[in-house]
Amino acid sequence: YKRQPVILTFFLLSMLVLLADGWTNGWSTMNLFCVYRSSWRDPLGYVRLFGHVLGHAGWDHFIGNMLLFLVIAPPLEERYGSRTLLSGILMTALVSGILQCVLFPSSALLGASGIVFMLIMLSSLAGSRNGGIPITLILVGALYLSQQVYDILFVQDNVANFMHIVGGACGTVFGFSVRRK
């Protein structure tokens, strides 16, 4: 736990939020861990801007996100450090939360998939040291973006594919910014 406090804490908090959803009959998720447009005077709105990444719609949603999260994130926390990784997670949560409120005012967003896609793009940059654009970033970005665009155009479901793209973009921007340091 000492070597990966951000990853394990994020996982445990997400699990507790899902359990609390059952204990509160959905109240906690809807009011604390699901972002949607609300009054800027509502203090819980600011909690939701960050907390939505901890909420999940059910066990399948949680397991799908956490399996990828637990595979991808630990090497990144080792490479970049806990503070850096936490700042990437918080930045991605804030950006996706704000964009959700601005661009999709009549719907809500929850889940860690934007964070997972941020980590996927960040990991595709992790091995690069020469300052160029790694071919892995181009390949992962092309495959990922094409899948999300396809899903937006042809798949009718409740998946926030645009926010997956936002998470991937955040990971790319964040990856280049931490790589320079």
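Start by selecting N25, which sits in the loop between α1 and α2 (27–32); helices here are DSSP runs of H or I with at least four residues, strands are runs of E with at least two, and both are numbered from the N terminus. The model is predicted, so local features need pLDDT of at least 70 and side-chain atom pairs count only at pLDDT 80 or more, while totals for chains, interfaces and linings use all residues. Residues are numbered from 1 along each chain as its sequence is written, and side-chain values use heavy atoms, with hydrogens and water left out.

**Stop 1: N25.** Look at the backbone here: N25 has a positive phi of about 55° although it is not a glycine. Most residues other than glycine have a negative phi. N25 is exposed, because its relative accessible area is 76% (exposed means over 50%, buried under 20%, partly exposed in between, with a 1.4 Å probe and protein chains only).

**Stop 2: F10.** Now step back into helix α1 and select F10. With a relative accessible area of 7%, F10 is buried. Show its surroundings and, leaving out residues up to four places away in sequence, you will find F10 touching V53, L54, M66, F69, I89, A112 and I115 (contact means heavy atoms within 4.5 Å).

**Stop 3: the core.** Next, colour the largest nonpolar core, which has 42 residues; F10, F69, L76, I115, L119 and L122 touch the most other members. Such a core is a set of buried Ala, Val, Leu, Ile, Met, Phe, Trp, Tyr and Cys residues joined through side-chain atoms within 4.5 Å. Two or more residues each come from α1 (5–23), α4 (59–80), α5 (82–103), α6, α7 and α8 (161–180), and α6 gives the largest share, 10 residues. Zoom in on L119: beyond its neighbours within four places in sequence, L119 is in contact with F69, I72, A73, L76 and L85.

**Stop 4: α6 and α7.** Select residues 113–126 (α6) and 135–154 (α7), whose axes come within 8 Å and cross at roughly 155°. That makes α6 roughly antiparallel to α7. On α6, pick F117, I120, M121, S124 and L125; on α7, their contact partners are T136, L137, V140, G141, Y144 and Q148. By class, that contact has 7 nonpolar, 4 polar and no charged residues.

**Last stop: E78.** Finish in helix α4 with E78, which is partly exposed at a relative accessible area of 37%. Setting aside neighbours within four places in sequence, E78 is in contact with R3 and Q4.

Note on methods. Axes are lines fitted to C-alpha atoms, for helices over the stretch in contact, and angles run from 0 to 180 degrees between N-to-C directions. Angles under 35 degrees count as roughly parallel, over 145 as roughly antiparallel, 65 to 115 as roughly perpendicular and the rest as oblique. Ala, Val, Leu, Ile, Met, Phe, Trp, Tyr, Cys and Pro count as nonpolar, Asp, Glu, Lys and Arg as charged, and the others, Gly among them, as polar.
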